[in-house]
Amino acid sequence: MYICMCNAVTDHDIRREAAAGVQTFAELQARTGCSDCCGSCDSEARATFDQARSQVICQLPLVSA
Ligand code: FES
């Protein structure tokens with residue numbers, strides 16, 4: 001599903017970037033152009049990115065000292 005129509009960024013693109021290690025929304029914008037034009041997608045893009053980051057963090061292995 002397209003999240004950002006201005007730059008043709010999909011939810012899949014956002015999840016892929018999060019899985020690739022993108023940690024901030026600013027970095028996502030730099031890599032995809034998401035939400036850097038009209039801004040109408042901003043809240044949905046941020047929510048999708050936050051959810052994707054949460055899933056990535058949950059999949060990290062636990063390390064004990
Ligand atoms: S729809 Fe994303 S910047 Fe316009």
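Mentor: A crossing of two helices is called right-handed if the near helix is turned clockwise from the far one by less than a right angle, and left-handed if the turn is anticlockwise. With that in mind, and noting that this is a predicted model, let us consider helix H1 (residues 11-19) and helix H3 (residues 42-58). H1 passes H3 in a right-handed crossing. Their axes come within 9 Å and cross at roughly 40°. H1 is therefore oblique to H3.

The residues that make this contact may be named from both sides. H1 contributes Asp11, Ile14, Arg15, Ala18 and Ala19, while H3 contributes Ala45, Thr48, Phe49, Ala52, Arg53, Gln55 and Val56.

The pairing leads to the interior. In soluble globular proteins, nonpolar side chains tend to be buried together. Here the largest nonpolar core has 14 residues, and those with the most contacts inside it are Ile14, Leu28, Cys34, Ala45 and Phe49. At least two residues of this core come from each of strand E1 (2-4), H1, helix H2 (25-32) and H3. The most is given by H3, which supplies four residues. Ala45 shows how such contacts reach along the chain: leaving aside residues up to four places away in sequence, Ala45 touches Ile3, Ile14, Phe25 and Cys34.

H3 also carries Asp50. That residue counts as partly exposed, at 46% relative accessibility. Asp50 and Gln23 are 27 residues apart in sequence, yet their C-alpha atoms are 9.4 Å apart in space.

Most residues other than glycine have a negative phi. Ser35, in the loop between H2 and H3, has a positive phi of about 65° although it is not a glycine. Its relative accessible area is 9%, and because the limit for buried is under 20%, Ser35 is buried. Ala8, in the loop between E1 and strand E2 (9-10), likewise is not a glycine and has a positive phi, of about 55°. Ala8, however, counts as partly exposed, with 43% relative accessibility.

Terms used. Residues are numbered from 1 along each chain as its sequence is written. This is a predicted model: local features need pLDDT of at least 70, side-chain atom pairs count only at pLDDT 80 or more; totals for chains, interfaces and linings use all residues. Side-chain values use heavy atoms; hydrogens and water are left out. Axes are lines fitted to C-alpha atoms, for helices over the stretch in contact, and angles run from 0 to 180 degrees between N-to-C directions. Angles under 35 degrees count as roughly parallel, over 145 as roughly antiparallel, 65 to 115 as roughly perpendicular and the rest as oblique. Contact means heavy atoms within 4.5 Å. A nonpolar core is a set of buried Ala, Val, Leu, Ile, Met, Phe, Trp, Tyr and Cys residues joined through side-chain atoms within 4.5 Å. Buried means under 20% relative accessible area, exposed over 50%, partly exposed in between (1.4 Å probe, protein chains only).
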